[in-house]
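Please look over the sequence and the structure below before reading on.

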Amino acid sequence: MKIRFTMDKITRDGNPVLRAQAQEVPFPLSEEHQQLAKDMMTYLEVSQDEEQNEKYDLRPGVGLAAPQVGESLQMTAILIPSADPAEDSDTPYFKGVIFNPVIVSETVGRAALETGEGCLSVDEDVPGFVPRSKKITVRYQDENGKTQSKTLRNYPAIVFQHEIDHLHGKLYYDHINQQDPWGIDDSTKYV
Ligand code: CO
């Protein structure tokens, strides 16, 4: 597999592209944007494949947004492995590049990953809970420009919110309560 994005190509915290509002992606997709989408997904595939990754030493990721490869565009690759790890299945829970996504509804109830979040663009671990909506409905365009709508809960909902944040100049630690990083209120569930 040919790989375009290696760790040295990933933009890191401090790079202004990560704090910018990304531009909408026009359709039909240009060849350049089609290739970008493919290359972003390849990063995720290789990063999750232990054998292939030995060669490239990528930090494993379930999402990679265009600003993380220096492109201020509203597109992000998402590859969430099968929900059931016991299941001997290669079918991921979600695999795709989403364009111009908008969260059209979200629950008041919150969820946070028990171990906090991480990000390919943030080298230093910033500890603390990242409370997010427990359930969201997201509307986006697929690579053909077709509008899709998807309702997500818990872990996948958190992944989508993390990635969509990247398109609006936000990083996960912006959501951490600096006074009480591991404090959690009654309406927040661990995932
Ligand atoms: Co990230």
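A polar contact is a pair of N or O atoms within 3.5 Å; within protein, one must be able to donate a hydrogen and the other to accept it, and residues adjacent in sequence count only if both atoms are side-chain atoms. Such a contact, of 2.9 Å, joins the side chains of Thr151 and Thr137. This is a predicted model, in which local features need pLDDT of at least 70 and side-chain atom pairs count only at pLDDT 80 or more, while totals for chains, interfaces and linings use all residues. Residues are numbered from 1 along each chain as its sequence is written, and side-chain values use heavy atoms, with hydrogens and water left out.

Thr151 lies in strand S7, residues 147–153; strands (E, at least two residues) and helices (H or I, at least four) are DSSP runs numbered from the N terminus. Not counting residues up to four places away in sequence, Thr151 touches Lys135, Ile136 and Thr137, where contact means heavy atoms within 4.5 Å. Thr151 is partly exposed, with a relative accessible area of 34%; buried means under 20%, exposed over 50%, and partly exposed in between (1.4 Å probe, protein chains only).

Helix H3, residues 154–166, contains Glu163. The UniProt annotation "active site", from an unreviewed entry, covers Glu163; UniProt positions are given in the numbering used here, feature names are shortened, and annotations may be inferred rather than shown by experiment. Glu163 is buried, because its relative accessible area is 4%. Leaving aside neighbours within four places in sequence, its contacts are Gly63, Leu64, Ala65, Gln68, Thr76 and Ile78.

What coordinates the cobalt ion? The ligands are Cys119 (SG), His162 (NE2) and His166 (NE2), at 2.1 to 2.3 Å. Cys119, in the loop between S4 and S5, and His162, in helix H3, are 43 residues apart and link distant parts of the chain. Along the chain the donors follow the spacing C-x42-H-x3-H. Donors are N, O and S atoms within 2.8 Å of the metal (3.2 Å for Na, K and Ca), and water is not among the atoms, so sites may look incomplete. Both Cys119 and His162 are buried.

An open sheet is formed by 3 strands in the order S5-S4-S8, with mixed pairing. Strands S5 (132–133) and S8 (188–190) stand at the edges with a single partner strand each, so one side of each has no neighbour in the sheet. Two strands pair if DSSP finds at least two bridges between them; S4 (residues 110–112) and S8 pair in the parallel sense over 3 bridges. Ala112 has Tyr190 in S8 as its bridge partner.
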